[in-house]
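Open the model in your viewer and keep the selection panel at hand. The stops below go from one interface to another.

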Protein chains: 2
Amino acid sequence: MSAPQSPAARDAYEPLTIDSLEIRLAAVAALRQAVGPSPWRCREVGDGNLNLVFIVEGAAGAAVVKQALPYVRLVGDSWPLSLTRAFFEFNALTRQARRDPGRVPQILHYDQDQALIVMEYLQPHLILRKHLIAGVVLPGLAKDMGLFCARTLFRGSDLSMPTAEKKADVALFAGNTELCDITENLVFTDPYFDAPMNRHTTPQLDGLVASLRADQSLKIEAQTLKSQFCNNAETMLHGDLHTGSIMATDSDTRVIDPEFAVYGPMGFDLGMLLANFLMAYYAQDGHAERPGARDAYKAWILEVVSEICDVFEAEFSALWRAERDGILYPDALYADQGHEMASERALRQTIERVWRDAMGFLGVEIHRRILGLAHIEEYESIEDPDRRAPCEARGLELGRAAVLNRRTLSLSGLLALTRRLDDVPTERILK
Amino acid sequence: MSAPQSPAARDAYEPLTIDSLEIRLAAVAALRQAVGPSPWRCREVGDGNLNLVFIVEGAAGAAVVKQALPYVRLVGDSWPLSLTRAFFEFNALTRQARRDPGRVPQILHYDQDQALIVMEYLQPHLILRKHLIAGVVLPGLAKDMGLFCARTLFRGSDLSMPTAEKKADVALFAGNTELCDITENLVFTDPYFDAPMNRHTTPQLDGLVASLRADQSLKIEAQTLKSQFCNNAETMLHGDLHTGSIMATDSDTRVIDPEFAVYGPMGFDLGMLLANFLMAYYAQDGHAERPGARDAYKAWILEVVSEICDVFEAEFSALWRAERDGILYPDALYADQGHEMASERALRQTIERVWRDAMGFLGVEIHRRILGLAHIEEYESIEDPDRRAPCEARGLELGRAAVLNRRTLSLSGLLALTRRLDDVPTERILK
């Protein structure tokens with residue numbers, strides 16, 4: 001199976017509309033089965049940056065139809081984007097479903113020519129960002145996400161996969177060039193200079209932004225992290241694992257939208273995920289109904305960060321001991337020689353290395369969400385820029401610290417820094 | 001262009017023989033032009049581990065015909081090996097020819113179905129190992145190899161290549177699975193336990209070998225280096241850059257046999273190359289006509305090591321400044337902002353990181369050449385095992401030091417250690 005689009009396929013492609021969807025997809029048996037007989041109700045709900053997303057409802061139930069557009073929705077048709085991303089999303093979803101069963105939406109139908117995936121409608125799930133803005137506590141969230149990260153990152157790597165299968169998969173996903181290109185530019189480069197598509201809360205953040213862009217050590221590290229992202233194909237990443245790619249209820253968590261999937265360093269998904277929780281943490285002061293009203297919720301967010309890391313480490317360790325069937329760190333060298341401690345030491349080093357990378361990716365993710373093209377709803381929904389800027393500024397400084405201190409920063413150190421920045425007076429943060 | 005072999009192609013394949021070569025290749029115009037009209041003289045000279053190599057001579061000149069065998073020649077047909085390696089060798093040679101013109105043999109003809117490459121006959125070049133055994137000084141060698149490493153490693157990376165082209169190339173070479181598999185097993189794993197195909201000078205080295213295989217820190221590092229090799233696709237490697245893959249005269253150096261080519265960490269080629277010079281250094285005492293007769297030659301070998309590193313660094317730095325057109329460390333972030341020093345600091349960090357990796361790969365390469373399946377002629381040609389073992393033992397200890405100290409070992413430290421091990425009495429080295 002490969003991704004190339006034939007000219008015929010490109011010709012066949014046509015974006016769905018609310019009016020054409022039922023006629024065009026009436027013959028898809030899996031969709032008919034999920035939704036029931038005609039008539040269907042159809043609405044377009046895509047709030048992301050790239051795609052069309054329809055919810056189709058009928059007598060028997062509902063389903064989601066996601067279709068790639070041949071351009072970046074956030075920007076418009078001036079920025080063309082390959083339809084092959086639906087192919088990579090489909091392939092990523094099928095792998096994630098095997099590696100952490102039940103955590104991604106079920107696929108009902110895939111049409112490569114139309115770049116569309118019909119999938120399970122998640123209800124009453126909401127995008128996690130909405131919960132984080134509303135201040136909703138989700139008891140199972142941290143555990144679910146810690147397990148998802150550990151299982152998908154471990155089981156997609158040379159620690160677990162047969163090496164020929166893994167190399168073939170690396171080659172397959174290397175075709176996801178255009179979406180990688182977006183990450184490479186928008187995450188690692190554009191935020192650190194005055195790139196055309198950047199925006200930030202101005203003039204409030206101007207001083208801090210200038211200081212970040214003048215920080216040469218930061219700019220070196222950002223590119224070293226980019227080099228890691230581009231080259232170090234350790235495992236299949238989700239590639240865009242932020243809190244807008246998670247749908248949750250108080251008892252279920254689902255991970256969606258892996259169209260940025262590519263083989264890359266394990267720390268990337270973990271760092272991006274934690275970054276988005278920490279930004280949500282700082283955004284609370286902008287959403288607090290009165291001063292201090294969100295303090296308990298902020299404490300809960302930091303518990304989530306902490307628990308994700310703990311669960312990740314525990315599950316990754318359990319998989320290391322039970323499923324290390326790949327070509328790396330084989331038992332032939334360790335347990336079979338009576339050297340179990342060497343395997344445990346290698347595990348500690350691996351977790352440590354993933355964490356070092358994660359701290360770096362965490363920092364650049366925060367920066368690009370405040371300085372770059374794609375911002376986050378937790379911050380954007382704070383309408384008063386004077387209230388939003390301090391929330392963003394604390395994120396920016398935390399990001400700088402995470403990138404520059406990534407070789408030494410521990411989880412407890414990260415949380416201490418996060419809290420400490422809350423205590424620094426706003427006028428000092430904004431300089 | 002892709003590597004898969006159709007069943008038809010597999011059926012068409014037939015190994016050449018001295019008798020069939022002229023008939024079968026008579027129609028190849030480029031070969032006829034190089035060699036001249038019939039009759040041709042033909043001899044098989046393959047002394048490597050994998051392939052058939054013929055020298056074809058006629059009235060007008062000579063050419064080399066290299067054909068892959070469907071098994072590992074060193075082991076026999078019990079170890080099948082894909083013919084696609086000729087495809088990867090061809091693709092690697094064409095890339096290397098662009099990246100460092102004149103340093104690889106010219107290709108006259110490539111036949112994918114027959115897994116054969118007709119190429120320039122290098123004369124009076126000899127395999128570098130022969131020169132190193134004979135004690136021949138080659139004035140241009142270090143410079144040529146330092147340039148080759150810098151140019152191929154830099155120009156095959158995201159520092160230089162358009163990213164879409166680089167990603168497509170990573171995908172292409174990810175198909176070289178079987179040869180990667182050989183490297184992954186024979187270099188990084190087998191030497192460190194009692195694997196079936198291993199051999200070493202016994203009983204002289206038994207104590208030291210047991211000590212290396214009991215060294216848990218060493219075994220962890222070896223697998224961490226393997227993880228780097230498998231995952232970190234920084235650049236197109238030669239993949240087997242030892243002194244048996246170099247042919248030289250006193251005024252020309254050529255690099256041959258890149259069938260192990262794959263995208264991997266820059267330090268791999270450099271480390272393997274230096275390792276082979278250092279083993280040749282220790283082998284000199286086994287070839288010395290009288291005690292001390294090779295001392296000057298040993299000093300020259302260390303000068304070669306030192307000069308390769310100096311030239312590599314100078315050329316890599318020059319390319320960094322002049323040809324950094326890839327997606328990493330772009331001028332937009334540095335020079336265009338008046339931050340040239342950030343670019344220079346990033347260069348130093350990059351060279352340093354390559355060196356750290358190289359020290360690790362250097363160590364495992366030495367180990368596998370003394371403990372594993374594929375040994376080297378410099379050592380093997382020392383017939384008396386009591387004379388060979390101390391030469392090998394010094395290599396093994398240097399390898400251990402390089403792997404375990406790779407995060408701090410400098411070039412001068414490496415050379416000091418190399419010399420210091422000469423002073424340690426043989427009975428202490430052999431324990």
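Buried area is the accessible area (1.4 Å probe) that two parts lose on being put together, summed over both. This is a predicted model, in which local features need pLDDT of at least 70 and side-chain atom pairs count only at pLDDT 80 or more, while totals for chains, interfaces and linings use all residues. Residues are numbered from 1 along each chain as its sequence is written, and chains are lettered from A.

Select chain A and chain B. Between them they bury about 3900 Å², 57% of it on carbon and sulfur atoms. In contact (heavy atoms within 4.5 Å) are 44 residues of chain B and 44 residues of chain A.

Next, select K167(B) and E184(A). They form a salt bridge, that is, a side-chain nitrogen of Lys or Arg within 4 Å of a carboxyl oxygen of Asp or Glu. Their closest N and O atoms are 2.8 Å apart. Two salt bridges are counted between chain B and chain A.

Now stay in chain A and colour domain 1 (7–120) and domain 2 (126–430), bounds that come from an automatic or database domain assignment. Their centres, taken over C-alpha atoms, are 27 Å apart. The contact takes 26 residues from domain 1 of chain A and 33 residues from domain 2 of chain A. These two domains bury about 2600 Å² between them, 60% of it on carbon and sulfur atoms.

Select F88(A), R99(A) and R103(A): they supply 31% of the area that domain 1 of chain A buries against domain 2 of chain A, more than any other three residues.

Seven salt bridges are counted between domain 1 of chain A and domain 2 of chain A.

Key:
Side-chain values use heavy atoms; hydrogens and water are left out.
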